[in-house]
Amino acid sequence: SSYWPETDLKTPVMERIAAQGIKFNQFRVNPLCAPTRASIITGTYSIYNGMWRGPSRPKSDESTGKFIKSDTRVVHDDVRMLPEFLKRGGYATGLFGKWHLGYDEDNVPNARGFDEFVGFLGGAHPYRWTKNSRIERNGQPLKSDKHYTDLFADEAIRFIEENREQPFFCYLAFNAVHGPLRTEKRDAASARSDWLKRYEDAGVDEPRRDYNAVMSHADDRVGDLLDILEKLDLTEETLVIYLSDNGGIGHTYPSNNGPLRGGKGEAWEGGIRVPAVMQWPGTIPAGTVSTADAVHFDLFATILDLAGIAIPKENGRVQVDGISLLDHLKSGAKVFIPDRYLFWDLFGKQGALKGPWKIVADTGNHNGDFLKAARNADSADFTLVNLEHDLGEKTNLASEHSEIYSDLKSRFVDWLRRAADYN
């Protein structure tokens, strides 16, 4: 709600964190959840680390019942994940909620550096227990009568309380507001009745009411985490990062990306520019607003830097592209991050950015063949926009600024070609 003041969605805790710390106005991620998570947790581009879209569907060994390791769409074996680095640095590590970065025994959370995991492995899950539920605790089935937003928040709070005397990394990955949610074709609500009443009283109709109620309750529970940090006298010792993993999806659920064009699954700003706020009282000046082009993989580098762990130049054989935002945070956004080219690809939904200039195109699904993707992009006509003057990406300036267009496009095609070396 601090990003779009006219919205009917209320997220007072996100506003609170922004007021106590920093609000990023141009923070970008991938337009899909799993690739974003793969970049956050490895510091690398998702099309380089193997997770160029969601992980391959799991297949089971008939004799053992265990999931078989996929040879496509899985984070490469030699790429280490953030909790693996932090664990070696003396941190307790916990994940509560959605994983969606692998199913086989080598790629579940406990095998990838998390001491504790309560959540689900896949991309989507109902918000309440059913006979088909896949909620687990460290690999074992877990049945709970709680709404899963509450289960994940409660487990995160327990983890913080139990590890208050040592450094900890608590990764709370709500499935809110992922589907299933109420739609015109689905009458069942995913929010509780008391959460829904809050928006019914505000005059918000269904199905938007269910969407808002689920999101606002997740926001409320983030507030409970802030409260427990305060109670344990850990507020000034803890960096809190709160963001979305992709833009709102407009064609399935009643999300609202404000003035941004497009949504989840697309390289327009509505798919990749997300709310992102951070607080670290006493370190990040309150009320800071950043216009830096910060991105998902910068969180990997920032957290390692904070923890006093060297940021590797390569993760496995993949170049680490994330840069630490720590000086930017501490200075109240007065220390600028380096100007750089940034790139996106989600099976042909493509974009490249430098400063206010951005190109966007849909060049067709390449199904993970990145040499094909490069050929398609090389022959495609992209739209060139200037975001400083055209946030809604409505005006194509390619013919007027041919040098900028050619520079962005040639660099993007080279970026795609390099992906073929990693896959």
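Analyst: A residue counts as buried when its relative accessible area is under 20%, as exposed when it is over 50%, and as partly exposed in between. The model is predicted. By that cut-off Glu116, at 18%, is buried. Glu116 sits in strand E5, which covers residues 116-120. Apart from neighbours within four places in sequence, Glu116 is in contact with Thr93, Gly94, Leu95, Phe96, Asn110, Asn138, Arg158, Phe159 and Glu162.

Now to the pairs. There are 28 salt bridges in the structure. One of them joins the side chains of Arg16 and Asp227, with an N to O distance of 3.3 Å. Because Arg16 belongs to helix H1 (residues 12-20) and Asp227 to helix H7 (residues 208-231), this pair ties together parts that are 211 residues apart in sequence. Both ends fall in the middle class of accessibility: Arg16 is partly exposed at 30%, and Asp227 is partly exposed at 40%.

Helix H7 also supplies Arg221, whose link to Asp150 in helix H5 (residues 148-162) connects distant parts of the chain, 71 residues apart. The Arg221 and Asp150 side chains meet in a salt bridge at 2.8 Å, N to O. Here the two partners are covered: Arg221 is buried, with a relative accessible area of 9%, and Asp150 is buried as well, at 10%.

Arg417 is partly exposed at 39%, and Asp414 is partly exposed at 37%. Elsewhere, shared partners join several salt bridges into one network made of Lys146, Asp150, Asp154, Arg192, Asp194, Arg221 and Asp224.

Some acidic residues are grouped in another way. Glu230, Asp233, Glu236 and Glu237 form a negative surface patch. Glu230 is in helix H7, the helix that also holds Asp227. With a relative accessible area of 53%, Glu230 is exposed.

Most peptide bonds are trans, and most residues other than glycine have a negative phi. One exception is the cis peptide bond between Ala176 and Val177, where omega is about 0°. Val177 is in the loop between strand E8 (168-173) and helix H6 (193-200). A cis peptide bond also joins Gly179 and Pro180, with omega about 10°, and Pro180 is likewise placed in the loop between E8 and H6.

For Asn367 the value is about 55°; for Glu393 phi is near 55°. Asn367 is in the loop between strand E16 (357-362) and helix H11 (370-379), while Glu393 is in the loop between strand E17 (383-386) and H12.

Key:
Residues numbered from 1 in each chain as written. Predicted model: local features only at pLDDT ≥ 70, side-chain atom pairs only at ≥ 80, totals over all residues. Heavy atoms only, no water. Salt bridge = Lys/Arg side-chain N within 4 Å of Asp/Glu carboxyl O. Helix = DSSP H or I, 4+ residues; strand = E, 2+ residues; numbered from the N terminus. Buried < 20%, exposed > 50% of the residue type's maximum accessible area, 1.4 Å probe, protein only. Patch = residues over 30% accessible without salt bridge, like charges linked within 9 Å, V, L, I, M, F, W, Y side chains within 5 Å. Areas by Shrake-Rupley, 256 points an atom, 1.4 Å probe, with all protein chains shown as cover. Lys, Arg positive; Asp, Glu negative; His and termini not counted. Charge placed at Lys NZ, Arg CZ, Asp CG, Glu CD. Contact = heavy atoms within 4.5 Å.
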